[in-house]
Amino acid sequence: LVNQVVSHLVQAIRSKEGSFSSIERQSAGSYYERVKISEPNEFDIMLVMPVERIQLDESDDTGAYYYLAFKRNPKEKYLLNFVDEDGKLSAFKMLEALRKTIKQEVKNIKNVEVTVARKKAGSPAITLLIKNPPSEISVDIILTLEVQQSWPLSTHDGLKIEQWLGTKVKREFKFKSLYLVAKQNKREKVLRGNTWRLSFSHIEKAMMNNHGNSKTCCESDGPKCCRKDCLKLLKYLLEQLKMKHPKELKKFCSYHVKTAFFRSCVMWPNDSDWHFGDLDHCFQKCLGYFVDCLQKSQLLHFFIPQYNLLSLEDKASHHFLSRQISHEWNNGFPVFWE
């Protein structure tokens, strides 16, 4: 159902002359990394636009958010429509234009009822709602720029996977394109909607799908490990706690536990650290690391190590989550059985 709707949209958007005719579809997120938990009712689809030669200027000290400008007239002339008065490529303008096109186009989809959800402030996604009785499927469409140039300085000390996946794999990853998604930087004093955030979802997907220290881990005739199951349990735990305490835990998302999980893979790089039968032990090791991060209010981005994903002004919610997890842990995780 999702493929049918998205294929229709992509074809329609590409056939229109102009701004978005070069987009390619790429699947991202947990469903495609095979770590989806609960029912498959949420999907992330990236619409990737190739852009040549672009200048990146950091918009703050996280090293994750950038203003984009063209060094000279872009080969993609239509992009000039989206440049704001300061000469920056406006994420807001591009998202608005894409949203408008998608809203017109969903009306032409036959046999399925598709609507475009209301805009969520600061979200980089255009969300489609697909009626699929008795429930609804949501598809986040994320506008992504693909830039063929070297990764910025802020990523220099990140991706410490030498011991886990090897130096050669790291080098291959670093040669891949840079992805930028239209994401509002909330730290800006005046929100203009012209910031872009680095995205590594293509690399994360590659790491999830080839996660072993030995090259045969989890292949049909290779030994099985429990890495993916650990991540699923971590995500499920956070999801259930967020449902119980939506207000206190609204700042948390699955990316927090995914980052802690990748850092765990680096701390315990060998496949022998993740025996298939040791799931409970491995899960508790990862969880222990995550709780430690919460208590210190420090969880460094896996690719941009200067960027702390746990903002110091949210200390109270970090401690709240840490207490909730400890309560679950000491009582045999009742939230898993509810």
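In this predicted model, 17 residues line the second largest pocket, and the ones nearest its centre are Phe 92, Leu 95, Lys 119, Gly 122 and Ser 123. Two elements, α2 (91-106) and β6 (125-132), each hand two or more residues to that lining. Of the contributors, α2 gives the most, with five residues. The space inside the second largest pocket comes to about 300 Å³.

Next comes strand β8, which covers residues 178-182. Five of its five residues are buried, so β8 is largely enclosed by the rest of the structure. The cover is found on both faces of the strand. On one side sit Leu 178, Leu 180 and Ala 182, on the other Tyr 179 and Val 181, and all of them are buried.

Which strands pair with β8? One is β7 (residues 135-147), which pairs with β8 in the antiparallel sense over four bridges. In this pairing, Val 147 is found opposite Leu 178 of β8. Another is β9 (residues 196-199), joined to β8 by four bridges and also running antiparallel to it. Here Tyr 179 has Ser 199 of β9 as its bridge partner.

The cysteines are the last topic. A disulfide is a covalent bond that links the sulfur atoms of two cysteines. How many turn up when the whole structure is searched? The count is zero. Take Cys 217: the closest cysteine sulfur belongs to Cys 225 and lies 3.6 Å away, which is too far for a bond, because a disulfide needs the two sulfur atoms to be within 2.5 Å. Cys 217 also counts as buried, with a relative accessibility of 9%. Cys 282 is in no disulfide either, and the nearest cysteine sulfur, from Cys 226, is 3.6 Å off. Is Cys 282 buried or exposed? At 0% relative accessibility, Cys 282 counts as buried, because that value falls under the 20% cut-off.

How values were computed. Residues are numbered from 1 along each chain as its sequence is written. This is a predicted model: local features need pLDDT of at least 70, side-chain atom pairs count only at pLDDT 80 or more; totals for chains, interfaces and linings use all residues. Side-chain values use heavy atoms; hydrogens and water are left out. On a 1 Å grid over the protein atoms alone, a cavity is a set of points where a 1.4 Å probe fits but cannot get out, and a pocket is an open set with protein on both sides within 12 Å along at least five of seven lines; lining residues have an atom within 4 Å of a point. Grid points are joined across faces, edges and corners, and a volume is the space filled by probe spheres set on the points. Buried means under 20% relative accessible area, exposed over 50%, partly exposed in between (1.4 Å probe, protein chains only). Two strands pair if DSSP finds at least two bridges between them.
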